Amino acid sequence: MSQLARTPGQFGEALRRTRLSRGWSQTQLAQQAGLRQATISQIENGHGATRIDTLCAVLAALDLELMVTPRTRGSIEDIEDLF
């Protein structure tokens, strides 16, 4: 399932939803990614100063990939679906 994320908070929430859908704790994800649990917490809470290599490790552990595409200009209803 694709998820749109335009802010660090939305990105973190998308990762949290994916982690929870797998039934993993933050500690389990951290172990899979070779990171600390506190780092996973910071990412999920939208901490904006996370290194790109750290984000890539989390994406790899969750078997996700990042796609960069032009922003869409949708209707108000589309924007409300983000929240």
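Buried means under 20% relative accessible area, exposed means over 50%, and partly exposed lies in between (1.4 Å probe, protein chains only). By that rule Arg-19 is buried, because its relative accessibility is 7%.

## Basis of the model

This is a predicted model: local features need pLDDT of at least 70, side-chain atom pairs count only at pLDDT 80 or more, and totals for chains, interfaces and linings use all residues. Residues are numbered from 1 along each chain as its sequence is written, and side-chain values use heavy atoms, with hydrogens and water left out.

## Nonpolar core

A nonpolar core is a set of buried Ala, Val, Leu, Ile, Met, Phe, Trp, Tyr and Cys residues joined through side-chain atoms within 4.5 Å. The largest one here has 11 residues. Its members are Leu-15, Leu-29, Ala-30, Ala-33, Ile-40, Ile-43, Leu-55, Val-58, Leu-59, Ala-61 and Leu-62. Helix H2 (26-33), helix H3 (37-44) and helix H4 (52-61) each give two or more residues to this core. H4 supplies the largest share, four residues. Helices are DSSP runs (H or I, at least four residues), numbered from the N terminus. In soluble globular proteins, nonpolar side chains tend to be buried together.

Take Ile-40, one of the core residues. Contact means heavy atoms within 4.5 Å. Leaving aside neighbours within four places in sequence, Ile-40 is in contact with Gln-26, Leu-29, Ala-30, Leu-35 and Val-58.

## Salt bridges

A salt bridge is a side-chain nitrogen of Lys or Arg within 4 Å of a carboxyl oxygen of Asp or Glu. The count by this rule is five. Glu-13, Arg-16, Arg-17, Arg-19 and Glu-44 are linked in a network of such bridges.

Glu-13 counts as partly exposed because its relative accessibility is 29%.

## Links from H1 to H3

Arg-16 also forms a salt bridge with Glu-44, where the closest N and O atoms are 3.4 Å apart. This pair links distant parts of the chain: Arg-16 is in helix H1 and Glu-44 in helix H3, 28 residues apart. Both Arg-16 and Glu-44 are buried.

Arg-19 bridges to Glu-44 as well, with a closest N and O separation of 2.6 Å. Again the pair links distant parts of the chain, Arg-19 in helix H1 and Glu-44 in helix H3, 25 residues apart. Glu-44 counts as buried because its relative accessibility is 3%.
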